[in-house]
Amino acid sequence: MKLRNILVPSVAMVALCALAAPIKKNVIDEVAWVVGDEPIFRSEIEEQYLQMRQENTPIDGDPYCVIPEKIAVEKLYLHQAKLDTITAPESQVAAGVEKRLDYFINNLGSREKVEEYFRKPLPQLREQMMELMRNSYIIDQVQHNLTKDVKATPKDVRKYFTSLPTDSVPYVPMQVEAQIIEINPRIPEQEIEDVKARLRDYADRVNRGESSFSTLAIMFSEDGSAMQGGELGFHGRADWVPEFSQVAFNLNDPKRVSRIVETEYGYHIIQLIEKRGEQVNVRHILLTPKVNSKDLADGVVKLDSLRKEIVAGKFSFEEAAQVISQDKNTKNNNGVMMNQRTGSKRFEMQDLPPEVARKIELMQPGDISEAFIMKDRSKNRDVISIVKLTNRVPGHKATLSEDYNLIKGMYENHLKEKIITDWVENKIKDTYTKIADGWDGCDFHYKGWNSQAH
């Protein structure tokens, strides 16, 4: 189950790319910087620089200045995280690593080729990626805590916009607004019963002591937590869908398995690991019933019939969305699609689901597409949809009236960047740092670094 998105800061992304570069072990490593009591070695810097060149990643300045400064700033964030007792949800981190490894395997062709490319065995690569993604999550949480109270008033936004030089006013690419109706194809009752029978068998095997829950999760669960034995880490009730939380928080015996739980993601069985105050850590196995091609085709025919009735004026798209649509995100909003990235109803084409973008590209405002099959990526299943293009806004220079949310976001980002910059520079003042000779002749991004201990 998806709990929340992990935002990966640029520092950690650079480090993630550097996994492919080998460390030179045949020379005595040089300490380039010291931050607090932690050294930054030349080998770390060389690793990242080599991989960035291989990936053609642009570097804004001298790499032997930019890269060590980024590593040093990361250490400041991680030290603050220890003070604030910020930790990363291990299941979420692990799921992100497995997704990344799957990407590498699919693109390079096999596990062996991944090991060859990164020049290390897969378990070692997984361990290093876990550390990097864990740090990424933690750094993001520190930054979020620093900037979470930033809010801009309309007056602030207007003042900010009027102060922008003409060449700083952004160009807004073509955007669209759309409505959608989604229905789930019928799933044969026998398929659902087969899934439940499999889950009952797994539960019985665990309850009889014949199998461990975590082993069965690794082998059979269709959730991203499978590689962690189905473990989700400590969470509060609000972190999961209500049906799952209700059962998970009522478990008391770690040796027993829950009843089968149905959620929007499929069917689960759950095992308690530990309760800690208002949080609980559980394992689960998720199975999702599969839709066959005939039921998908029947769903397309059904939704095409609905489209014809809308076009004929028997009822409106909005009325149909409220009554028929099974997409909980838009059903009660007249089918209006909302851009989760920006919080507005406008989308650039690349922000739309690819199946929707392909349909809308050839449509005019007011057009309603024929029914089509698309992937609900949050639940990893096929759904059937029709989409209506309600507005197409040509590319233009941003204006306050047309693009208020965009400009507000720019202003809030400006405020957040200032808060973070001030925080980092204050941390530099309060932290012992020493930059070795030869590494100090730089125009650093942040003020306060120098070659003398302080």
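The legends below describe close-up views of a predicted model.

**Figure 1. Overview of the predicted chain, with its 14 helices and 13 strands.** Taken along the principal axes, the C-alpha atoms of the chain fill a box of roughly 75 × 65 × 45 Å. The chain has 454 residues, of which 44% count as buried. Among the contacts between residues at least 6 apart in sequence, 66% join residues that are at least 24 apart.

**Figure 2. The aromatic pair formed by W33 and W449.** A search of the whole structure finds 11 aromatic pairs, and this view is centred on one of them. The ring centres of W33 and W449 are 4.9 Å apart and the ring planes stand at 70°, so the pair is classed as edge-to-face, a class that needs an angle over 60 degrees. The two residues come from distant parts of the chain, since W33 belongs to strand 1 (residues 31-35) while W449 lies in the segment after strand 13 (433-435), a separation of 416 residues. Both W33 and W449 are buried. Together with F444, the residues W33 and W449 form one aromatic cluster.

Figure 3. With ring centres 5.3 Å apart and ring planes at 75°, Y49 and Y64 make an edge-to-face pair.

**Figure 4. The packing of helix 3 with helix 6.** The axes of helix 3 and helix 6 (residues 122-147) come within 9 Å and cross at roughly 75°, and the two helices are therefore roughly perpendicular to each other. On the side of helix 3 the contact is made by E74, Y77, L78, Q80 and A81, and on the side of helix 6 by N135, I138, I139, V142 and Q143. Sorted by class, the residues of this contact are 6 nonpolar, 3 polar and 1 charged.

**Figure 5. The packing of helix 3 with helix 14.** Helix 3 also packs with helix 14 (residues 404-430), at an angle of about 85° and with the axes 11 Å apart, which makes helix 3 roughly perpendicular to helix 14. The residues V73, L76, Y77, H79, Q80 and L83 of helix 3 meet I420, W423, V424, K427 and I428 of helix 14. This contact divides into 8 nonpolar, 2 polar and 1 charged residues. Y77 and Q80 take part here, and Y77 and Q80 are also among the residues of helix 3 that contact helix 6.

**Figure 6. The packing of helix 8 with helix 9.** Helix 8 (residues 189-207) and helix 9 (residues 213-220) pack at an angle of about 150°, and their axes are 9 Å apart. The two helices are therefore roughly antiparallel to each other, as the angle is over the 145 degrees set for that class. R198, Y202, R205 and V206 of helix 8 meet F213, L216 and F220 of helix 9. The contact of helix 8 with helix 9 contains 5 nonpolar and 2 charged residues and no polar ones.

**Figure 7. A charge over a ring, at R276 and F234.** The charged end of R276 sits over the ring of F234, at 3.9 Å from the ring centre.

**Figure 8. S258 in the loop between helix 10 and strand 6.** This loop runs between helix 10 (242-250) and strand 6 (261-263), and S258 is found within it. S258 is buried, with a relative accessible area of 8%. Leaving aside residues up to four places away in sequence, S258 touches V247, L251, I269 and I270.

**Figure 9. Positive phi values at T85 and N334.** T85, which is not a glycine, has a positive phi of about 50°, and T85 lies in the loop between helix 3 and helix 4 (90-108). T85 is exposed, with a relative accessible area of 63%. N334, likewise a residue other than glycine, has a positive phi near 60°, and N334 is found in the loop between helix 12 (317-324) and strand 9 (347-348). N334 is partly exposed, with a relative accessible area of 30%.

Key: Residues are numbered from 1 along each chain as its sequence is written. This is a predicted model: local features need pLDDT of at least 70, side-chain atom pairs count only at pLDDT 80 or more; totals for chains, interfaces and linings use all residues. Side-chain values use heavy atoms; hydrogens and water are left out. Rings of Phe, Tyr and Trp (its six-membered ring) pair if their centres lie within 6.5 Å; planes under 30 degrees apart count as stacked, over 60 as edge-to-face and the rest as tilted. Helices (H or I, at least four residues) and strands (E, at least two) are DSSP runs, numbered from the N terminus. Buried means under 20% relative accessible area, exposed over 50%, partly exposed in between (1.4 Å probe, protein chains only). A charge sits over a ring if NZ of Lys or CZ of Arg is within 6 Å of the ring centre and within 35 degrees of the ring normal. Axes are lines fitted to C-alpha atoms, for helices over the stretch in contact, and angles run from 0 to 180 degrees between N-to-C directions. Angles under 35 degrees count as roughly parallel, over 145 as roughly antiparallel, 65 to 115 as roughly perpendicular and the rest as oblique. Contact means heavy atoms within 4.5 Å. Ala, Val, Leu, Ile, Met, Phe, Trp, Tyr, Cys and Pro count as nonpolar, Asp, Glu, Lys and Arg as charged, and the others, Gly among them, as polar.
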